[in-house]
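Please consult the sequence and the structure shown below alongside the text.

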2 protein chains.
Amino acid sequence: MARGEKRPVTVRTIAEHVGVSTAAVSTVLANRHEERRLAPATVERIRQAVRDLGYVPNVAARRLRAHDPGVHHLDLGILTSFEAPLFLVSRVLRQVQRVVDARTGPGRRFSVSIDMFHAGRLSEMPGLLNASRFNGVIITNTLPEDDVFLAGTTLPYAVVVLGRRLPNYCCVLDTPGEIGRRAAEILLGRGCKRPVVLVPALLTQSTAERADAFVATVQARTGAEAVRVRAEGFTPASGAEALRAHLGAGLDCDGLYAVTDGLALGAYQAIKDGGRRIPKDIAVVGVGDHEHADFFDPPLTCVGPSNDTIVDQVVTQLFLLMSHRRVKPAEFFVPPSVVRRASA
Amino acid sequence: MARGEKRPVTVRTIAEHVGVSTAAVSTVLANRHEERRLAPATVERIRQAVRDLGYVPNVAARRLRAHDPGVHHLDLGILTSFEAPLFLVSRVLRQVQRVVDARTGPGRRFSVSIDMFHAGRLSEMPGLLNASRFNGVIITNTLPEDDVFLAGTTLPYAVVVLGRRLPNYCCVLDTPGEIGRRAAEILLGRGCKRPVVLVPALLTQSTAERADAFVATVQARTGAEAVRVRAEGFTPASGAEALRAHLGAGLDCDGLYAVTDGLALGAYQAIKDGGRRIPKDIAVVGVGDHEHADFFDPPLTCVGPSNDTIVDQVVTQLFLLMSHRRVKPAEFFVPPSVVRRASA
DNA sequence: GCTTGTAACTAAATCGATTTAGCATTTTTC
DNA sequence: GAAAAATGCTAAATCGATTTAGTTACAAGC
């Protein structure tokens, strides 16, 4: 305990303050004073102390005490950053739950939760290091700082990392190079001469590699340099703004690859507002990270991570690790999925 | 412990199995056998036993032991059903985190997580009843079964219910009647003669009331009965299908209120495919539960819950309850927000 | 006056994992 | 050959809350 801090209020604190036993306090906290025949005056004094001292129960202690020794309780977590969208995360959660439901029974229960960290500050998440929060976790949407932290420690429990390559963990990854190449091929295959790629200012590892591969492929096939249009952020609004500026400057393009669907959605608006048609004047390819890409107008052709496969793989690996059936770190690459729709 | 179940494997089990003390086992589990000079042979025997017996650490016990007695650790949960979209939930989470960040300091830490339950089976969530999991929760997207469960118990900690009216809890609610009325007024105000409302087959309390108020308002102002177009589910695909069937059957309409934005998105597709224009031929009003309603084509006019206000109110109430500054159940009604865009 | 009953409490065990202080042995050192 | 050092382990305390099995004090009943 650090100097100068007052000890937190426990049941014992209250008991001493009132001058009764911890048993009496606990009885009142559980509202069982009637059946246990505590004097109303005592109950009131305890209640008052609870309020005055600002008692907050320790859930870990309660849980330890309350749990049925006949059942194993496993806690699983999906850790993601606040800044990232929940699209993939919620799919992961649903898949984890599917597997968990199948494995739940008498003697075995699970809790699954999504926990968020501030991008770059994964290391501050309580209980991560001392394994006192989760029996197994899936970590995703990390920033380089988080990756450095992870690479520097070996978390002593089941960990699957989604979307990063870390030598000491079990990682499931998409293949951004492949994705960028396929996206370029689709646009070039339609006869596009001036393809551009729409990227956010702050690139994640994946989005950067997608864009690079796109540019490299265009270079290799046509000899021309594909332009990078830079948006401020990941939102449709910033995508729209960036593309509007590009088109407005008289710079032309006839094909566009947006490294996230949010940007593609913004691009749609800019293109239409500029009087062009999709895909006739400008063909658009997205990545399929939006739930409703099929309902964009026109429906968005996507080349991106194969989310079903990734989610399956991630969850499978997590349970393998937890059952100790694999211990070595490993990397799993999931090839891209291509969905041709009307936009390209 | 129920009959017939084998006791879970604990550190003690392993210790007895190997013939050493629990201290030795714990040392190996923490990988501190080097500094504590355990014999390599012993380490190996313990490791083998850990694997053979399938040991799973008890995180509650670890946490109790590991925690710094100088800091209070508060666990907050946002409980939602698997079936519901995460749009509002993720906004709630971000707001909770904002408040939490402001209140975190030496001596006080928080964990916030999203936990999901199967719709109608909230009661099965471990630790809810005995207060051994959370110090405070926000519950949302419940079904009537869940509401019955909640109404029948008083959870002995801070609980805020979002979107339901339960007499024994602190509830924050939108005003669906008001919402439906305003939606109808917008369409009627544009001169719509045959407004319809697009609803999912399984209505939540809120969506049902929205639709009812819409129909009632149309009835009151025009004397005509607004048609209810029924979609299978909440997805754009089912919305599109339902509206396509309606328009295809020769039944006409010149204004549409979709009780969720997902349905509105599907409706857009059906309307455009049917050769009509928005809002010229058919005006569309949604509710604003989609992140990107502003980037629909045309941008979607929304009459729905005022999410910013709701989220603020929910989080404020949670912290008031946790600091014991309010104890009585209460209801907070948040008036609708109206955002006029191009679609109506 | 002695048992019986009851009201109003408490001491101590418990949940499972970790750690500190310390106890036997064996080996090294002078 | 005795003291010092190293090796390899264990007993017991601890984290905070809950519950079981009592205990004490006093009133009622015969």
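**Pairing across the two chains**

E2(A) and strand E2 (residues 108–117) of chain B pair in the antiparallel sense over 3 bridges; strands pair if DSSP finds at least two bridges between them. Helices (H or I, at least four residues) and strands (E, at least two) are DSSP runs, numbered from the N terminus. This is a predicted model, in which local features need pLDDT of at least 70, side-chain atom pairs count only at pLDDT 80 or more, and totals for chains, interfaces and linings use all residues. Residues are numbered from 1 along each chain as its sequence is written, while chains are lettered from A and ligands numbered from 1 in the order in which they are written.

**Chain A and chain B**

- Within E2(B), Asp115(B) is the bridge partner of Ser113(A).
- Chain A contributes 57 residues to the contact and chain B contributes 57 residues, where two residues are in contact if their C-beta atoms, placed from the backbone, lie within 7 Å.
- On the side of chain A that touches chain B, the elements giving two or more residues are H4, strand E1 (72–81), helix H5 (87–103), strand E2 (108–117) and helix H10 (261–273).
- H4(A) gives the most to this side, with 7 residues.
- This side of chain A divides into 26 nonpolar, 18 polar and 13 charged residues (Ala, Val, Leu, Ile, Met, Phe, Trp, Tyr, Cys and Pro count as nonpolar, Asp, Glu, Lys and Arg as charged, and the others, Gly among them, as polar).
- Because 100% of the interface residues of chain A are also interface residues in chain B, the copies meet through the same surface.

**Symmetry**

- Chain A is superposed on chain B by a rotation of 180 degrees with 0.0 Å of shift along its axis, at an RMSD of 0.1 Å (least squares on the C-alpha atoms of residues with pLDDT of at least 70 in both).
- The two copies are therefore related as by a two-fold rotation axis.

**Surfaces near the DNA**

- DNA strand D is surrounded by 28 residues, the closest being Thr10(A), Ala23(A), Ala61(A), Ser21(B) and Ala39(B) (a residue is near a strand if its C-beta atom, placed from the backbone, lies within 6 Å of it).
- H2(A) supplies the largest share of the surface near DNA strand D, 5 residues.
- Around DNA strand C there are 28 residues, of which Ser21(A), Ala23(A), Ala39(A), Thr10(B) and Ala23(B) come nearest.
- For DNA strand C, the largest share of the surface, 5 residues, comes from H2(B).
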